[in-house]
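This briefing is intended for a reader who has the sequence and the model at hand. Please consult both while going through the points below.

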Amino acid sequence: MLETQNIDTSDPENENIEYKEKLNETLEKEAVAFLNANGGYIYIGIRDKDGAVVGVADMDKTQLQVKDRLLFGISPSPMSFIAISTEKLENKNVVKITVKEGTEKPYCIKNKGLSEAGAFIRVGNSAQPMTQNMIHAFQTKSFPKSLIHIEAPEQELTFADLFIHYRRYNKALNDNTFAKTLNFLTKDGKYNYLAYMMADNNRLSVRFARFNDAGERFELLEKAIEYGNCCLITAIQRVLDRYEIENITRSTLTGAAHRIDKRLVDAKCLREIVINAFAHNDYSYGMLPICEVFQNRFAVRSYGGLVPQLSVEDFFEGVSALRNPELMRILKDLELVEALGFGIRGIMQIYSRDIFKFTDNTMYVQLPFDESVVIGRVESGGIIEESKGIILELIIGNPKISVPEIARTINLSLSGVEKNIRQLKKDGKLSRTTDTKSGEWVVVE
């Protein structure tokens with residue numbers, strides 16, 4: 001809290017006091033710095049070098065100029081946190097500007113915007129430029145509010161997919177009230193960014209990529225898939241379905257003739273990590289989570305790092321804090337998350353903390369493969385050809401599956417599927433009962 005200041009001009013400038021010999025071009029900069037910090041006082045008519053009182057010749061004109069510049073030169077409007085008054089020091093008039101800490105940080109010089117040239121914060125006795133990370137940190141603290149108050153970039157939105165998802169769980173939406181019920185409207189009655197994310201016709205996409213990272217090599221195995229430009233719920237389901245295909249199963253028989261199925265990673269943990277990435281992603285970055293497949297792990301990157309209220313220890317203790325409460329409500333409605341959920345504690349029972357990596361701007365989770373399952377994948381030239389293993393899994397599940405069906409399921413070209421099948425036949429792992437359309441695939445164990 002900013003305390004009442006009794007000025008002693010023999011004291012130098014500090015974190016709460018700024019002297020100006022006369023009104024100059026840095027007024028907005030100094031005010032913004034105090035608004036973004038703990039508040040302070042700007043005195044016009046006191047020389048900053050030595051604290052000498054020089055006074056202000058035209059008090060009324062100076063006060064009016066100060067008011068206009070702060071009112072029209074700073075965004076958001078700071079006037080409820082600023083008071084302009086006069087004082088007489090050493091028989092000379094000075095203008096005193098009291099600046100309280102603002103509640104709508106970050107503030108900036110309006111014509112320069114939220115950049116290092118426009119946003120400042122008081123550090124010691126000077127106004128320092130705010131980095132983009134600092135600016136975003138201030139924005140993140142209030143982003144859950146922003147998600148429903150930011151106007152959607154498009155207003156001609158449809159929600160057919162969302163209605164289908166709700167009907168699937170016997171929670172039909174009302175055509176006339178759903179927008180209000182789901183907090184899809186701004187105060188002005190326009191669709192907000194949450195509505196945009198749930199619309200059929202948005203321009204948001206999730207990148208799903210498969211990499212070869214054997215030894216010193218690191219390359220994209222195939223063109224990255226983009227799941228998106230549709231309702232976010234639909235995109236999440238498609239990502240989960242794709243990971244379900246990638247997360248192959250290896251079956252072994254025990255001495256008692258019981259079959260044991262093992263997957264590359266724990267399916268429940270993988271699902272939890274994917275859904276959490278979407279639930280807690282900071283959409284102010286303008287990006288959705290990125291999903292990746294490597295030779296020995298699955299990875300999911302989300303934006304925003306930890307929710308600001310949480311420490312790393314809080315996170316691993318399973319303490320819950322929501323970045324996007326309105327989005328979480330929809331995910332719960334559609335049974336993608338539970339009220340209590342499997343949670344971080346459940347993941348920690350199977351994996352170590354090392355699978356999580358936090359930065360100021362991202363959370364990166366990597367689930368390592370079970371080596372006993374990886375052994376069952378086809379390996380050639382040092383590159384684990386995951387497509388072959390996935391094709392075999394699909395054929396085991398449906399011996400009559402066609403090449404086009406395989407191609408559509410795993411998002412691989414027809415020629416790519418045919419190439420893999422030829423190699424599997426050559427390796428003696430796959431055959432066909434007949435070459436006609438009525439034939440079946442036979443996987444050679």
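The points that follow concern a predicted model and are grouped by topic.

The secondary structure of the chain comes to 16 helices and 21 strands. Of its 445 residues, 47% count as buried. Among contacts with a separation of 6 or more, 63% are between residues 24 or more positions apart.

**Confidence**

- The chain has a mean pLDDT of 83, and 84% of its residues reach 70 or more.
- Helix α1 (residues 27-36) has the highest confidence, at 96, whereas strand β19 (residues 383-384) has the lowest, at a mean of 36.
- Over residues 375-384 the pLDDT stays under 50, and the model has 23 contacts beyond four places in sequence for this stretch.
- Where pLDDT is low, the predicted coordinates should not be read in detail.

**Helix α9 and its surroundings**

- Helix α9 covers residues 267-279, which is 13 residues. Its first and last C-alpha atoms are 18 Å apart, close to the 18 Å expected at 1.5 Å a residue.
- At the start of α9, the backbone nitrogen of K268 has a side-chain oxygen of D266 within 3.1 Å.
- The buried residues of α9 include C269, L270, I273, V274, I275 and F278, and E272 is also one of them.

**Strand β17 and its partners**

- Five of the seven residues of β17 are buried, so that the strand is mostly covered.
- β17 pairs with β15 in the antiparallel sense over seven bridges, and in β17 the residue opposite R297 is P368.
- β17 also pairs in the antiparallel sense with strand β16 (residues 356-358), over three bridges. Here F356 stands opposite V365 of β17.
- A hairpin through three residues joins β16 to β17.

**Helix α11 and the residue that follows**

- In α11, the buried residues are E326, L327, M328, I330, L331 and D333.
- E335, which follows α11, lies in the loop between α11 and α12.
- Although E335 is not a glycine, its phi is positive, at about 60°. At 42% relative accessibility, E335 counts as partly exposed.

**Other backbone features**

- N229 is likewise a residue other than glycine with a positive phi, near 55°. N229 lies in the loop between β11 (225-228) and α8, and its relative accessibility of 48% makes it partly exposed.
- The peptide bond from S75 to P76 is cis, with omega near -10°. P76 is placed in the loop between β3 (74-75) and β4 (82-89).
- K105 and P106 are also joined by a cis peptide bond, with omega about 0°. P106 is placed in the loop between β5 (92-99) and β6 (108-109).

**Cysteines**

- How many disulfides does a search of the whole structure find? The search finds zero.
- A disulfide requires two cysteine sulfur atoms within 2.5 Å. The cysteine sulfur closest to that of C231 belongs to C230 and is 6.8 Å away, so the two are too far apart for a bond.
- C231 is buried, because its relative accessible area is 0%.
- C291 also counts as buried, because its relative accessibility is 0%.

Note on methods: Residues numbered from 1 in each chain as written. Predicted model: local features only at pLDDT ≥ 70, side-chain atom pairs only at ≥ 80, totals over all residues. Heavy atoms only, no water. Buried < 20%, exposed > 50% of the residue type's maximum accessible area, 1.4 Å probe, protein only. Helix = DSSP H or I, 4+ residues; strand = E, 2+ residues; numbered from the N terminus. Expected span 1.5 Å × (residues − 1). Polar contact = N/O pair within 3.5 Å; in protein donor to acceptor, adjacent residues only side chain to side chain. pLDDT = per-residue confidence, 0-100. Contact = heavy atoms within 4.5 Å. Pairing = 2+ DSSP bridges.
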